[in-house]
Amino acid sequence: MGINILTLCYLIASVTFIVGLKMLSNPASARRGNLLAAFGMGIAIVGTIFLYTNHETGEHLGNYPWIFGGLLIGGIVGTLAAKKVKMTAMPEMVSMFNGMGGACAALISVVEFNHLAKELSAGTISADAIQPTVLIIVLGLIIGSVSFAGSMIAWGKLNGTVKDFSFTGQNILNLIILAVTLGAGAYLVVDPTQSFLLYTILALALVYGVFFVMPIGGADMPVVISLLNSFTGVAAACGGFLYDNKVMLTGGILVGAAGTLLTILMCKAMNRSLQNVLIGSFGGNRAGTASGSGEQGHYKEISLSDAAMLMSFANKVMVVPGYGLAVAQAQHACHELEKILGEKGVEFKYAIHPVAGRMPGHMNVLLAEADVSYEKLLEMEDANDEFKTCDVVLVLGANDVVNPAAKIDAASPIYGMPILEVESAKTVIVNKRSMKPGYAGIENGLFFQPKTSMLFGDAKKVLQDLCAEVKSV
Amino acid sequence: MENILNWITSNQQIIYIVILMIFVGIEVIGRVPSVLHTPLMSGANAIHGVVVIGAIIIMGQAETDNYLALILGFLAVVLGTLNVVGGFVVTDRMLEMFKKKK
C-alpha cells in the first residue's frame with residue numbers, strides 16, 4: 001500500500017515539474033509555476049521519507065534523526081541565504097545552489113560505490129553483474145563533481161574573489177584531464193575491484209571542473225552556470241537510474257534537456273555559439289586586449305548641473321542600465337529621475353541589453369523591483385531604432401554592452417556580440433565610478449568619442465543629485 | 001556486451017522515460033522570452049535538487065555503525081536540501097518582482 005502511494009507521489013511530482021517549468025516560461029504564470037514545482041518537490045520528499053521501502057528487503061528507511069537534521073539545516077540555511085542575498089548577488093547564489101546539487105550527486109555516487117565495493121569483497125555479488133551500475137555511479141560522480149567545482153569557480157568569479165586565469169595550451173591540458181578522467185572511469189567499470197580509482201576520478205573531475213571554468217570570462221558566467229545547471233540535472237538523473245527512482249529521473253533529465261536548450265538560447269541572445277563561449281574564451285593574452293589598452297585619446301567630463309540641464313530640455317532621454325546600477329542599488333533613484341523628467345514632459349525609456357548585468361534578464365528584475373513600468377523597457381532591437389531620435393542617452397554603469405569594438409574591431413574579444421548602438425543618439429552621458437575597463441577587461445572607445453561625456457560617481461548618488469538638480473532647473 | 005544488452009532490456013522503461021523527457025524538456029521551454037532566462041534557470045536549478053531524494057534514501061538505508069556512509073549521506077542531504085529550498089526561494093524572490101508591475 002505504502003509503496004503504491006509513493007508511486008503516486010512521484011507521479012504527481014513529475015507532472016508538477018513539467019507543468020511548473022512550462023509555466024515558468026511565461027511571465028504571467030511564472031510565479032505560480034515555481035510554487036507548483038516546489039509543492040511537487042515537497043510531496044516527493046515527504047513521501048520518500050515515510051513511504052520508501054527497499055525493494056529487496058522491504059524495510060522502511062531508518063536514521064530519521066539524521067535525515068530530519070539534514071533537512072532542517074539545509075532548509076534553514078537555504079531559506080536564509082536566499083532571503084538575505086542582495087539582488088545583485090542572485091546570479092552567484094544560483095551558481096552556489098547548483099554546486100550544492102552537484103556535490104550531492106557526487107556524494108551519492110561515492111556512498112553507493114563503497115556499498116557495492118563492500119558486497120563485492122564479501123563475495124555476495126559478482127563483478128560482472130554490477131558493471132552497468134558502476135557505469136552509472138561513475139557518470140554521476142564525474143558530472144556531479146565537475147558541476148560542483150565549476151559552479152564554485154563561477155560563484156567566485158561573479159563575486160570577484162576568483163580572477164580570470166588562463167595559459168597557453170590550457171585547452172589541450174583540459175582535454176587531457178578529461179580524457180584521463182574518462183579513461184579511469186572506464187577502467188573502473190571494467191574492473192570494479194579497483195576501488196581506489198573512485199577517489200582518483202573524484203579528484204580529477206574536480207580539477208577538470210576548475211580548469212573548465214577558469215579561463216572563461218566573467219561576462220560569460222551566465223551561460224556557464226546554465227550549462228552546469230543542466231549537468232547537475234543529468235547527475236541527478238544518474239541517481240534516478242541507481243535507485244530506479246522515476247521522479248529523480250524525470251526531474252533530472254527534464255532539467256538536463258531544458259538547461260541545455262536554455263544555454264543555447266542564452267548564447268543566441270549574445271549572437272555567439274556555445275563553442276565560442278567555452279573555447280574562444282575572454283583570455284587575458286589575446287591581441288585585441290593588448291591593442292585596446294593603449295592610449296585612446298581624451299575623454300571629457302560633464303558637471304551634474306550641465307547633465308541635468310541637458311536632460312531637462314531634451315525631448316527623449318534613454319537610460320542604458322548595467323551592472324553599475326545593480327551594484328549601487330540605484331534602480332529606485334532611477335525611477336525617481338524618470339518621474340521628475342516625466343513631469344517636465346521628457347520622454348524617458350530604458351534600453352535593456354539581453355545580457356546587461358551579470359545574467360540575462362537581470363536588469364528587468366531590478367527595474368521591476370523599482371516599479372518601472374514594463375512598457376518603458378525596450379529590448380535591444382527596438383532600442384537601437386529609437387536611439388536615432390533620442391537626445392540624451394544616459395549609460396548607468398554599463399560598459400561592454402555599449403562598446404563599439406564589438407562591431408568594428410575583429411580582434412576584440414567581444415567582437416560579434418550585438419550591442420546597444422548608443423552613439424547614434426545626439427549626446428551620450430556615461431556614468432561610471434572610474435575609467436576602469438568593464439568586466440571583459442577591455443577599453444571602450446565610446447568614452448573617447450566627441451559626443452560622449454563622462455559623469456563619474458556611484459550610480460545611486462549621481463542619480464539622486466541629478467534628481468535634485470533637475471527639480472531646480 | 002551481453003551484460004549491456006541485458007541491462008538495456010531490463011531497464012527499457014527507464015530508457016524510454018529518458019528519451020521522452022529530453023523532448024519534453026526542450027518543448028516546454030522552447031518559447032521563453034529572454035526576460036525570463038534567469039528565473040527559468042533558477043527554477044530548473046531548484047528542480048534538479050530532486051537529487052536530495054537519493055541522499056535521503058542513502059541516509060535511511062545506512063547501517064547505524066557505518067559512519068562514513070552516515071556522514072557523507074548527511075552531508076548530501078544538507079547540500080541537496082540547500083539546492084531545493086534555496087533554489088525555490090531565490091526563484092520566488094526574482095519572480096515576485098515581475099509580478100509587481102501588473
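The model is predicted, so local features need pLDDT of at least 70 and side-chain atom pairs count only at pLDDT 80 or more, while totals for chains, interfaces and linings use all residues. Residues are numbered from 1 along each chain as its sequence is written, chains are lettered from A and ligands numbered from 1 in the order in which they are written, and side-chain values use heavy atoms, with hydrogens and water left out. Chain B and chain A bury about 8400 Å² between them, yet the rule finds one salt bridge across that interface.

**Chain B on its own**

- Chain B has five helices and zero strands; helices here are DSSP runs of H or I with at least four residues, strands are E runs of at least two, and both are numbered from the N terminus.
- Reading along the sequence gives α-α-α-α-α for chain B.
- Along the principal axes, the C-alpha atoms of chain B fill a box of roughly 55 × 35 × 15 Å.

**Where chain B meets chain A**

- The contact draws 83 residues from chain B and 103 residues from chain A, with contact meaning heavy atoms within 4.5 Å.
- Carbon and sulfur atoms account for 78% of the buried area between chain B and chain A; buried area is the accessible area (1.4 Å probe) that two parts lose on being put together, summed over both.
- The salt bridge pairs A:Arg31 with B:Asp92, and their closest N and O atoms are 2.9 Å apart; the rule wants a side-chain nitrogen of Lys or Arg within 4 Å of a carboxyl oxygen of Asp or Glu.
- Between chain B and chain A there are 15 residue pairs in polar contact, both at pLDDT 80 or more; that takes a pair of N or O atoms within 3.5 Å, one able to donate a hydrogen and the other to accept it within protein, and residues adjacent in sequence count only if both atoms are side-chain atoms.
- On the chain B side, helix 1 (2-10), helix 2 (12-28), helix 3 (37-47), helix 4 (52-61) and helix 5 (67-100) each give two or more residues.
- Helix 5 of chain B brings the largest share of that side, 32 residues.
- The chain B side splits into 50 nonpolar, 24 polar and nine charged residues; Ala, Val, Leu, Ile, Met, Phe, Trp, Tyr, Cys and Pro count as nonpolar, Asp, Glu, Lys and Arg as charged, and the others, Gly among them, as polar.

**The two domains of chain A**

- Chain A is assigned domain 1 (88-285) and domain 2 (296-472).
- Their contact takes 13 residues from domain 1 of chain A and 17 residues from domain 2 of chain A.
- The C-alpha centres of these chain A domains lie 38 Å apart.
- About 1400 Å² is buried between domain 1 and domain 2 of chain A, 71% of it from carbon and sulfur atoms.
- The rule finds zero salt bridges across this chain A domain interface.

**Around A:Leu204**

- A:Leu204 sits in helix 7 (residues 196-213) of chain A.
- Leaving out residues up to four places away in sequence, A:Leu204 touches A:Ile177, A:Val180 and A:Thr181.

Note on methods
Domain bounds come from an automatic or database domain assignment.
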